Amino acid sequence: MSKNVLVLGEAREGELRNVSFETIAAAKTISEGGTVTAVLLGDSVENLAQEMVQYGADRVVTVEHPHLKQYTSDAYSQAFMAVYEQEKPDAIVLGHTALGKDLSPKLASKLSSGLISDVTKIEGEGDAAEFIRPIYSGKAFEKVQSKGGLLFITIRPNNIEPLAKDESRSGDVSSLSVDITNLRSVIANVVRKSTEGVDLSEAKVIIAGGRGVKSEDGFKPLEELAHLLGGAVGASRGACDADYCDYSLQIGQTGKVVTPDLYIAVGISGAIQHMAGMSNSKVIVAINKDPEANIFKVADYGIVGDLFEVVPMMIEEVKKLKGSPAV
Amino acid sequence: MNIYALVKRTFDTEEKIVVKNGAIQEDGAEFIINPYDEYAVEEAIQVRDEHGGEVTVLSLGGEDAEKQLRTALAMGADKAVLINTEDDLDEMDEFSAAKIISEYLKDKDADLIIAGNVAIDGGSGQVGPRVAELLGINYVTTITDLKIDGTSATLVRDVEGDSETIETSLPLLVTAQQGLNEPRYPSLPGIMKAKKKPLEELELDDLDLDEEDVEAKTKTIDIFMPPEKAAGRVLEGDISDQVSELVNLLNKEAKVI
Ligand SMILES: Cc1cc2nc3c(=O)[nH]c(=O)nc-3n(C[C@H](O)[C@H](O)[C@H](O)COP(=O)(O)OP(=O)(O)OC[C@H]3O[C@@H](n4cnc5c(N)ncnc54)[C@H](O)[C@@H]3O)c2cc1C
Ligand SMILES: Cc1cc2nc3c(=O)[nH]c(=O)nc-3n(C[C@H](O)[C@H](O)[C@H](O)COP(=O)(O)OP(=O)(O)OC[C@H]3O[C@@H](n4cnc5c(N)ncnc54)[C@H](O)[C@@H]3O)c2cc1C
């Protein structure tokens, strides 16, 4: 049976995050020919609607309100529920981002529905769809099915391939006006630490440094390598706690969960809490002077050696590679 | 102040995990308080010590969870409640868990409920916000700081590395992020005292709940280990040769650069 699916587009600094397009792809798999409707919430989001359509959404519903400029669970749930009541979808897909993690359980609770969180893969289509998600800090996976009723999932960024962008697609864009009242939380202040450039959770290449990097300066070569490879720099908790870098770079259970094509762990021992955030990466490289380090257990390629020697050499090799004519 | 901390007994994921016939093998495994719930218990104790009141730790699970509750009592919590569903339920999901926990809490007039932001085994992060919604109270997730002044609360929330300062009021449910505090170890006198502290055990019946009321909305149909990765290749030879081999492999074999 075809299903109508609602997805939530998520913007950062006025631009849609990739995970928004991934929710559309997931919704298509679930919908089996039904309608995929994208919801955009914010103070000014109308201009983003077209891009959701180009990535496969059939329709877009926007809710614009000054209270939606910043995320709060009260404001966003009121706006989303208003769209839900209008659309009465069969399924909902959100990103498993900070926003999605905070909002989805509240919505599921309001809707008395199940919620399958942090899905990394969908097998089958429509009613037969089965959802795979990591459990036990990423050491195992479970396959979960809805027992009926509203199907509600969140997807881990960078795991479900978005559809190709098609600039010629068109779709209906409508707006809904919603009264937003009774906000219980006030955001008094936000300290943005997110670095400019590539969004870690969406980066295709991540060079991550650990306590082994030894200083703030020690991160410079990692930044250079990341820059050469068009990637981003990440870090372990160890490096953040030692003040070598900012907490916004932290990868792991308490930090960001990432799934890049290439993850290079430099001077990181490979604690379970770190691995929970990166073990799904497609190719993992470990550079560590300790051959017994845990990180080698998940690495596809490893170099046992001093990172202060290895990383500068890598920079030179990559420069050579990038400088050589394409083959 | 009437404070509750939600404590889940979890598999210690630092240990080896064995899956047999689509289930995690629990025999001989280590079980611990979910690490994020240790922050929750610690915070609850600190809030009580500053503002007075009582800390109750609450766990939903089987008989075995008594051990984790006793540990929380030894840390300094005042009372414990174990909702034992062992005899009633074979299947449960986040909906069921939140429904049962909130059913217990609904007439307790809690001022502050502290949960972990995520359980390291189930990993959904749903239970805290779901409970708050069912109780009709506000929640703030992944907090790294909490200050209470009368019925107002000021919190710092970790949002993918950014920090938001949030002002709100009690009653409130918060979920603990790493960095909130340093959980204390139970002291020896604490452990002795914990043995005598009240631990109430309840079943679904005591909460006027039927199995149907809490029937899971989702179903786990399989549990499996990640596909066995080919053993990683640790390169050999001169470091400079290793590095050029690595870059070459990433380019030609793995095709990721
Ligand atoms: C509840 C909880 C949540 C946590 N969440 C996270 C999380 O989200 N993310 C996270 O990362 N951690 C997390 N941790 C912390 C985690 O347990 C580890 O302490 C942390 O990951 C260690 O960081 P590290 O690997 O950089 O440091 P270390 O374990 O100290 O490792 C440093 C490594 O560098 C190597 N090294 C040193 N010098 C060199 C050199 N010159 N060349 C090459 N290699 C060198 C060493 O051999 C060593 O393997 C959490 C812990 C708890 C309790
Ligand atoms: C008898 C029984 C049968 C179960 N059967 C199944 C099954 O068939 N399939 C399946 O997938 N899962 C099963 N579970 C697991 C259960 O459904 C999940 O653990 C539960 O839904 C919580 O989800 P989570 O682990 O993702 O916790 P999260 O939502 O990540 O936990 C966040 C926080 O909520 C609080 N919390 C969560 N769970 C509890 C708890 N039990 N007690 C106190 N506080 C808690 C803690 O503070 C925790 O830090 C079963 C559990 C029990 C006890």
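## Tour of the chain A and chain B interface

Across the interface of chain B and chain A, the rule finds 8 salt bridges (a side-chain nitrogen of Lys or Arg within 4 Å of a carboxyl oxygen of Asp or Glu). This is a predicted model: local features need pLDDT of at least 70, side-chain atom pairs count only at pLDDT 80 or more, and totals for chains, interfaces and linings use all residues. Residues are numbered from 1 along each chain as its sequence is written, chains are lettered from A and ligands numbered from 1 in the order in which they are written, and side-chain values use heavy atoms, with hydrogens and water left out.

**Stop 1: a salt bridge.** Select A:K106 and B:E133. Their side chains meet in a salt bridge, 2.9 Å from N to O.

**Stop 2: the polar contacts.** The rule finds 44 residue pairs in polar contact across the interface of chain B and chain A, both residues at pLDDT 80 or more. A polar contact is a pair of N or O atoms within 3.5 Å; within protein, one must be able to donate a hydrogen and the other to accept it, and residues adjacent in sequence count only if both atoms are side-chain atoms.

**Stop 3: the chain B side.** Now colour the elements of chain B that give two or more residues to the side touching chain A; among them are α3 (94-105), α4 (127-135), β9 (138-149) and α6 (239-253). Helices (H or I, at least four residues) and strands (E, at least two) are DSSP runs, numbered from the N terminus. α6(B) gives the most, with 11 residues.

**Stop 4: the whole contact.** Select 74 residues from chain B and 81 residues from chain A; contact means heavy atoms within 4.5 Å. The area buried between the two chains is about 6,600 Å², and carbon and sulfur atoms give 54% of that. Buried area is the accessible area (1.4 Å probe) that two parts lose on being put together, summed over both.

Stop 5: Show the open sheet of 6 strands, ordered β15(A)-β14(A)-β16(A)-β17(A)-β18(A)-β15(B), with parallel pairing. Two strands pair if DSSP finds at least two bridges between them. β15 (232-235) of chain A and β15 of chain B stand at the edges, each with a single partner strand, so one side of each is left without a neighbour in the sheet. Zoom to β18 (residues 301-304) of chain A: this strand and β15(B) pair in the parallel sense over 2 bridges. A:Y301 has B:R233 as its bridge partner in β15(B).
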